[in-house]
Amino acid sequence: MASFGGPITRDNTGTVRRREITLTTREKQVYGQLWAAADTDQSGFITGVDAVPFFAKSGLSPQILGQ
């Protein structure tokens, strides 16, 4: 399993916390493939220009995608 620093949040005292995310090897492979498919310009970032066509391929309605 691979562990990654997760989202940074603040608790109710204002202390910054980072939740650790653990992925199996298979999950890391699948999400890596999804990232590569979405990051079409291989910039390392997924912008709106990248995200719109990627999510449009999901088959979900615009109403669901807009939530």
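This is a predicted model: local features need pLDDT of at least 70, side-chain atom pairs count only at pLDDT 80 or more; totals for chains, interfaces and linings use all residues.
Set aside the neighbours within four places in sequence, and Asp 50 still touches Ala 38, Asp 39, Thr 40, Asp 41 and Phe 45. The chain itself has three helices and two strands.

**Around Asp 50**
- You'll find Asp 50 in helix H2, which covers residues 48–56.
- Asp 50 is buried, yet it has no salt bridge.
- The nearest side chain of opposite charge belongs to Lys 57, and that one is 10 Å away.
- What Asp 50 does have is a polar contact with Thr 40, side chain to side chain, at 3.3 Å.

- Phe 55, Leu 60, Ile 64 and Leu 65 together make a nonpolar surface patch of about 350 Å².
- One of these patch members, Ile 64, sits in helix H3, residues 62–65.
- Ile 64 has a relative accessibility of 44%, so it counts as partly exposed, since that class runs between 20% and 50%.

**The chain as a whole**
- Going along the sequence, the pattern reads β-β-α-α-α.
- There are 67 residues in the chain, and 10% of them are buried; Asp 50 is one of the buried ones.
- Take the contacts with a separation of 6 or more: 6% of them link residues 24 or more positions apart.

Notes. Residues are numbered from 1 along each chain as its sequence is written. Side-chain values use heavy atoms; hydrogens and water are left out. Helices (H or I, at least four residues) and strands (E, at least two) are DSSP runs, numbered from the N terminus. Buried means under 20% relative accessible area, exposed over 50%, partly exposed in between (1.4 Å probe, protein chains only). Lys and Arg count as positive and Asp and Glu as negative; His and the chain ends are not counted. A salt bridge is a side-chain nitrogen of Lys or Arg within 4 Å of a carboxyl oxygen of Asp or Glu. A polar contact is a pair of N or O atoms within 3.5 Å; within protein, one must be able to donate a hydrogen and the other to accept it, and residues adjacent in sequence count only if both atoms are side-chain atoms. Contact means heavy atoms within 4.5 Å. Patches are made of residues with over 30% relative accessible area and no salt bridge: like charges are joined within 9 Å, nonpolar side chains (Val, Leu, Ile, Met, Phe, Trp, Tyr) within 5 Å. Accessible areas come from the Shrake-Rupley method with a 1.4 Å probe; for residues, only the protein chains shown count as cover.
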